[in-house]
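Take a slow look at the model below.

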Amino acid sequence: MKRIVTKALAVMAIMATPMLLKAQNASEGTVKFNKTECSAVIAEFDYPADLVKAALAAKLNQAGFGKQRTQRGFMAYKGVNWNEVSSEKLDVYARVDGKKKRATVSLLAAKGYDNFVSNSSDPAAVDRMKQFLNGFAADIVAYQQQLDIRQKEADLQKAQKAYNEHTRKQKKLDEDRAKLAEELDKLKKTN
């Protein structure tokens with residue numbers, strides 16, 4: 001039963017994915033980091049900021065970025081190999097701002113201290129960062145679907161546990177009823 005529900009949810013999620021994806025237009029901009037305006041790739045998403053932040057952290061963790069640190073409100077990853085963007089080691093900084101229904105992701109990459117990647121210094125890396133953020137909407141949807149599936153599985157386990165408890169109690173009540181009926185028959189025979 002659990003497998004059927006999980007498979008059904010997965011099929012529905014896959015079918016719904018194209019409807020949920022919205023084209024994102026990542027662009028280069030500037031973001032204040034360490035009291036300095038730095039080049040960044042910025043994109044907006046029509047999803048809650050907490051969901052986007054969790055999905056981004058999961059995506060970067062999956063890319064092998066290692067331990068996440070927090071530096072002045074940014075998720076910071078030092079000296080990472082992000083082959084999807086550059087062959088050089090990068091310091092990657094990401095920040096998610098927003099409200100309930102809309103989030104803005106600011107993504108910065110530096111080749112060492114204060115040597116932030118920009119269109120003038122490394123246009124190919126900036127384009128790849130844009131591609132990363134433009135494709136990130138699908139990752140957000142996939143992350144939300146995973147959360148939904150986990151929640152449905154937990155709900156299913158809870159319902160199964162309640163059903164098992166109800167069945168156990170029903171069996172006990174049936175046994176008690178049978179005993180009472182037996183005692184009643186004995187009393188009727190003695191009278």
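Begin with Asp-46, which is partly exposed, with a relative accessible area of 34%. Here buried means under 20% relative accessible area, exposed means over 50%, and partly exposed lies in between (1.4 Å probe, protein chains only). This is a predicted model, in which local features need pLDDT of at least 70 and side-chain atom pairs count only at pLDDT 80 or more, while totals for chains, interfaces and linings use all residues. Residues are numbered from 1 along each chain as its sequence is written, and side-chain values use heavy atoms, with hydrogens and water left out.

What does Asp-46 form with Arg-102? The two make a salt bridge, and their closest N and O atoms are 2.0 Å apart. A salt bridge is a side-chain nitrogen of Lys or Arg within 4 Å of a carboxyl oxygen of Asp or Glu. The pair ties together distant parts of the chain. Arg-102 sits in the loop between β5 and β6, and Asp-46 in the loop between β2 and α2, 56 residues apart. Arg-102 is partly exposed too, at a relative accessible area of 41%. Glu-44 joins Asp-46 and Arg-102 in a network of salt bridges. By this rule the count comes to nine salt bridges.

Six strands form an open sheet in the order β1-β2-β6-β5-β4-β3, with antiparallel pairing. Two strands pair if DSSP finds at least two bridges between them. Strands of a sheet pair through backbone hydrogen bonds, either parallel or antiparallel. Which strands stand at the edges? They are β1 (27-33) and β3 (69-71); each has a single partner strand, so one side of each is left without a neighbour in the sheet. From one strand to the next, the twist averages 40°.

Now look at β2 (residues 36-45) and β6 (residues 103-110). They run antiparallel, and five bridges join them. Ala-43 stands opposite Val-105 in β6. Helix α2 (residues 49-62) packs on the sheet and touches β2, β4 (74-81), β5 (89-98) and β6. Contact means heavy atoms within 4.5 Å. The direction of α2 makes about 165° with that of β5. Axes are lines fitted to C-alpha atoms, for helices over the stretch in contact, and angles run from 0 to 180 degrees between N-to-C directions.

Helix α2 also meets helix α4 (residues 136-190). They pack at an angle of about 100°, with their axes 9 Å apart. The two helices are therefore roughly perpendicular to each other. Angles under 35 degrees count as roughly parallel, over 145 as roughly antiparallel, 65 to 115 as roughly perpendicular and the rest as oblique. Among the residues in this contact are Leu-51 and Leu-56 of α2 and Phe-136 and Ile-140 of α4.

Follow α4 along its length to Lys-172 and Asp-176. They form a salt bridge, with the closest N and O atoms 3.3 Å apart. They are four residues apart in helix α4, so about one helical turn separates them. Lys-172 is partly exposed, at 44% relative accessibility. Asp-176 is also partly exposed, with a relative accessible area of 29%.
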